Amino acid sequence: MADFDDFKQAVQTGLADLIGNTIGDYADSAQSRANDFLDDSRGDLEKWLKQLRDDELSADDFEFLLKGKAELAHINALLELGAAKVAVDKFRAGFIQLLKDSALGLVP
Amino acid sequence: MKHLSVLPVMRSFARTAVLLSLSLMFVACSSLIAPYNETSYRYATSLKPEALMLMGRATEEYASHAAEVDALMLKVEQAYEYVAGLPNNEETARQWEILKDPDGHLLGGFMSRWKDKGKLGAALVENAREDTVGPAFDAIIALETLKIKQ
């Protein structure tokens, strides 16, 4: 007989997959993007320092680039904030679908 | 007493109906962020190569490229106005705002610097193109690409 416990069980079963496919995927991608940004920034800074030592880059230009990198970090943070909101929207849409599917699965 | 045996089933379906109603109300709530927008995507992907190409000319006299810079920055301003007018699009709008800021250190700041100094050094030009302004455009494009397509 269809009852609320069946409904609850169906939702709980689907929830783990849904979290993995929305919030979990977002977390993995965000971590990967953050690591890439840090690696790139380190490489860029080393290159700029060498150019500064070799007089290819003035101190003023070096400072301009550093400030640009800080602004880029802000733009990347906005990317992550937006990506988190997308993940929540996807989770919400998936959760609604899960509720519907679980409820409709109880209808004989 | 047949009607009494039917009661638990009715209660169960009533609960399900309530949950479905709640879920529909949930769906009706607006999204946290704007969906993918083709025009926004095209603005970012077309302005990136245009901006980087013009930045590459910054080792030459600004005066001979002033009209091109004005034309480019006008397009950037139009892109910003477009994305800022979309509902729930604050993150993308703020990204463009930082990129175009003439007092900043990305595209807008680069053009201001070029104008002030007349011409810029090759190392600064290449580093700004590859390490700051280019990746800034990439981040704007990446956020648009991540958004839900409707």
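## A walk through the helices of chain B

Select α5 and α6 of chain B: their axes come within 10 Å and cross at roughly 155°. That makes α5(B) roughly antiparallel to α6(B), a label for angles over 145 degrees, while under 35 counts as roughly parallel, 65 to 115 as roughly perpendicular and the rest as oblique. The axes are lines fitted to C-alpha atoms, for helices over the stretch in contact, and the angles run from 0 to 180 degrees between N-to-C directions. Helices here are DSSP runs (H or I, at least four residues), numbered from the N terminus.

Now show the side chains where these two touch; contact means heavy atoms within 4.5 Å. From α5(B) you want B:L107, B:F110 and B:R113, and from α6(B) pick B:L124, B:V125, B:A128, B:V133 and B:F137. What kinds of residues meet here? Seven are nonpolar, none is polar and one is charged. For that sorting, Ala, Val, Leu, Ile, Met, Phe, Trp, Tyr, Cys and Pro are nonpolar, Asp, Glu, Lys and Arg are charged, and the others, Gly among them, are polar.

A quick word on what you're looking at. This is a predicted model, where local features need pLDDT of at least 70 and side-chain atom pairs count only at pLDDT 80 or more, while totals for chains, interfaces and linings use all residues. Residues are numbered from 1 along each chain as its sequence is written, chains are lettered from A and ligands numbered from 1 in the order in which they are written, and side-chain values use heavy atoms, with hydrogens and water left out. The model scores ipTM 0.86 and pTM 0.85. Chain B has a mean pLDDT (the predictor's confidence in each residue, from 0 to 100) of 90, and 81% of its residues reach 70 or more.

**Next stop: α2 and α6 of chain B**

Residues to click include B:Y41, B:L47 and B:M55 on α2(B), and B:F137, B:I140 and B:I141 on α6(B). The residues of this contact divide into 13 nonpolar, four polar and four charged.

**Then: α4 of chain B**

Select residues 90–100 of chain B. Eight of the 11 residues of this helix, α4, are buried, so it is largely enclosed by the rest of the structure. Buried means under 20% relative accessible area, exposed over 50%, and partly exposed in between (1.4 Å probe, protein chains only). Among the buried ones are B:W96, B:I98 and B:L99. What covers them? The cover includes α2 (59–104) of chain A, along with α2 (38–55), α3 (66–84), α5 (107–117) and α6 (122–146) of chain B.

**Last: the salt bridges**

A salt bridge is a side-chain nitrogen of Lys or Arg within 4 Å of a carboxyl oxygen of Asp or Glu. The whole structure holds 18 of them over all chains.

- Pick B:D131 and A:K47, whose closest N and O atoms are 2.8 Å apart. This pair crosses between chains, from α6 of chain B to α1 (residues 4–53) of chain A. B:D131 is buried at 5% relative accessible area, whereas A:K47 is partly exposed at 29%.
- Pick A:D54 and A:K50, also with 2.8 Å between the closest N and O atoms. Both are partly exposed: A:D54 at 38% and A:K50 at 48%.
- Pick B:K147 and B:E144, bridged at 3.0 Å, N to O. B:K147 is buried at 2%, and B:E144 is buried at 3%.
- Finish with A:D60, A:D61, B:R113 and B:K117, joined into one network by salt bridges that share partners.

Methods: Helices (H or I, at least four residues) and strands (E, at least two) are DSSP runs, numbered from the N terminus.
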